[in-house]
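Hi,

Here is the structure we talked about. Please have it open while you read; my notes follow below.

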Amino acid sequence: MAENLMEKVVSLCKRRGFIFQSSEIYGGLSNTWDYGPYGVELKNNVKRAWWKSVVYEHNDIFGMDASILMHPQVWEASGHVQSFFDLKSDCKSCKKRFKAADLKKENKCPECGGQLTQARPFNLMFKTHKGPIEDEENLIYLRPETAQGMFVNFLNILDSKHPKLPFGLAQIGKAFRNEITPGNFTFRTCEFEQMEIEYFVHPKEAAKLLAEWIESRFNWYINLGISKENLRKRPHTQDELAHYALACTDIEYNFPFGWSELEGIANRTDFDLKQHAQASGKDLRFFDDSTKVRFYPYIIEPSGGVDRSVLAFLVDAYFEEKVKDDLRIVLKLHKDLAPVKVAVLPLLRNRPEIVELAKKIAQELKKDFITVYDDTGSIGKLYRRQDEVGTLYCVTVDVQSLEDKQVTVRQRDTMQQERISIDKLKEYLKEKLNS
Ligand code: GAP
């Protein structure tokens, strides 16, 4: 493993256009980040892989996209207004605020050594106002989890899809929390994306299905290339369970800053449906046609973070290798996640026939794969640049290509090169990339 791995990943992300500090020209805004050209591709690929695995590969899970802004009563009923807070202390001298869990015992400000106030609860939800008047009546929240958008649509799904139990809803979307914990790059941010499944089950089956979801979600990360030794399951102790959960297991990744949560898989029981039924006055029970019994299903919730997954995939894929006297930095991302699949590079950029042929090949490949064309450096420099962003195949066009109508294809991880006929190139890449 590379030394100072975290610093190296952060530096690569900025250097190559994966992730930038938000509002950087103004000095940045803490705990907020922007995804650049390669970052957004990687993020989209992570979301696509998740959606394919949980929506398209299941018969009983339906996709959803609910609003970020919801009726304020949702957050009363869900318990977030009363229970979703962190204990925080303020420094009496520099006025900075700290999460109590991050502070050492001696009650001193970690920044200036000043005295700290008693820890007080601060709700993590961002507040805003809807409409022209900024008063209590118009107070609304930015959602702190996507889950509630699925619970409040439970009846709509029953009425439109008529599903049998078990069935699930899946959603990817932004969530917001007023986090003050600094550091660790995109691990804990104020604005992030969640990938959540709410799986409605018969209460008797909840324990079994919870165990199955833990296994299935764990394997998702492994199948996308995360090394097994860097991933573990950690069941929650009773005192760390969220206010709605009967049981929960976290999938944790061994980040350079320690084992930390990527995803939590919880048994939320019938807490949410009951709370919303009571608060809205609507009957949110499920009617079982075969037994003619009406009851509240339990909910198994695999809830992961897009940004945390992206960070884990980046860290896990970062390699430094000695090649002759050079250091090669390469992102060995899974083929489904790599932002760029193919790069087409002319060996000599001062030979118009070679440049023209390379551009023509790139244009043709773009119809089927994410392909880039680059002629802004020597071939060594171009390879290094593509390795650093994890491009899977580099296609080089040289003088000989003009004669024999063949190109050199270089594989990212092995660096092995093969001569492939131009008219077979697409077929060759399809076989490699779609297998
Ligand atoms: N609906 C359940 C729920 O929201 P959570 O454990 O609070 O549970 C689920 O959040 C996932 O969302 C986490 O495992 C993590 O991946 C991501 N997440 C939560 N807070 C985050 C933050 N401040 N920054 C980035 N990701 C976060």
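The ligand sits in the largest pocket. Keep in mind that this is a predicted model.

There are 21 residues around the ligand. Glu145, Arg177, Glu196, Glu261 and Leu262 come nearest. By type, the shell around the ligand divides into 10 charged, six polar and five nonpolar residues.

Which strands supply at least two residues of that shell each? Strand E10 (191-201), strand E13 (258-269) and strand E16 (298-305) do. E13 gives the largest share, with five residues.

- Arginine 177: an N or O atom of the side chain is 2.8 Å from an oxygen atom of the ligand.
- Arginine 268: here an N or O atom of the side chain is 3.4 Å from a nitrogen atom of the ligand.
- Phenylalanine 187: a polar backbone atom is 3.5 Å from a nitrogen atom of the ligand.

How much of the ligand does the protein cover? On its own, the ligand has 550 Å² of accessible area, and the protein covers 91% of that.

**Salt bridges**

Side chains of opposite charge can pair when their charged atoms come close. A search of the whole structure finds 42 salt bridges. One of them is between the side chains of lysine 8 and glutamate 320, at 3.2 Å from N to O. Lysine 8 is in helix H1 (residues 5-16) and glutamate 320 is in strand E17 (residues 318-323), so this pair ties together parts that are 312 residues apart in sequence.

**Two backbone spots**

Look at the peptide bond between leucine 165 and proline 166. This bond is cis, with omega at about -10 degrees. Proline 166 lies in a loop, with helix H6 (154-161) on one side and strand E9 (167-176) on the other.

Then go to serine 23. Its phi is positive, about 55 degrees, although serine 23 is not a glycine. You will find serine 23 in the loop between strand E1 (19-21) and strand E2 (33-35).

Best wishes

How values were computed
Residues are numbered from 1 along each chain as its sequence is written. This is a predicted model: local features need pLDDT of at least 70, side-chain atom pairs count only at pLDDT 80 or more; totals for chains, interfaces and linings use all residues. Side-chain values use heavy atoms; hydrogens and water are left out. A residue is near a molecule or strand if one of its heavy atoms lies within 4 Å of it. A polar contact is a pair of N or O atoms within 3.5 Å; within protein, one must be able to donate a hydrogen and the other to accept it, and residues adjacent in sequence count only if both atoms are side-chain atoms. Accessible areas come from the Shrake-Rupley method with a 1.4 Å probe; for residues, only the protein chains shown count as cover. On a 1 Å grid over the protein atoms alone, a cavity is a set of points where a 1.4 Å probe fits but cannot get out, and a pocket is an open set with protein on both sides within 12 Å along at least five of seven lines; lining residues have an atom within 4 Å of a point. A molecule sits in a cavity or pocket if more than half of its atoms lie within 2 Å of its grid points. Helices (H or I, at least four residues) and strands (E, at least two) are DSSP runs, numbered from the N terminus. Ala, Val, Leu, Ile, Met, Phe, Trp, Tyr, Cys and Pro count as nonpolar, Asp, Glu, Lys and Arg as charged, and the others, Gly among them, as polar. A salt bridge is a side-chain nitrogen of Lys or Arg within 4 Å of a carboxyl oxygen of Asp or Glu.
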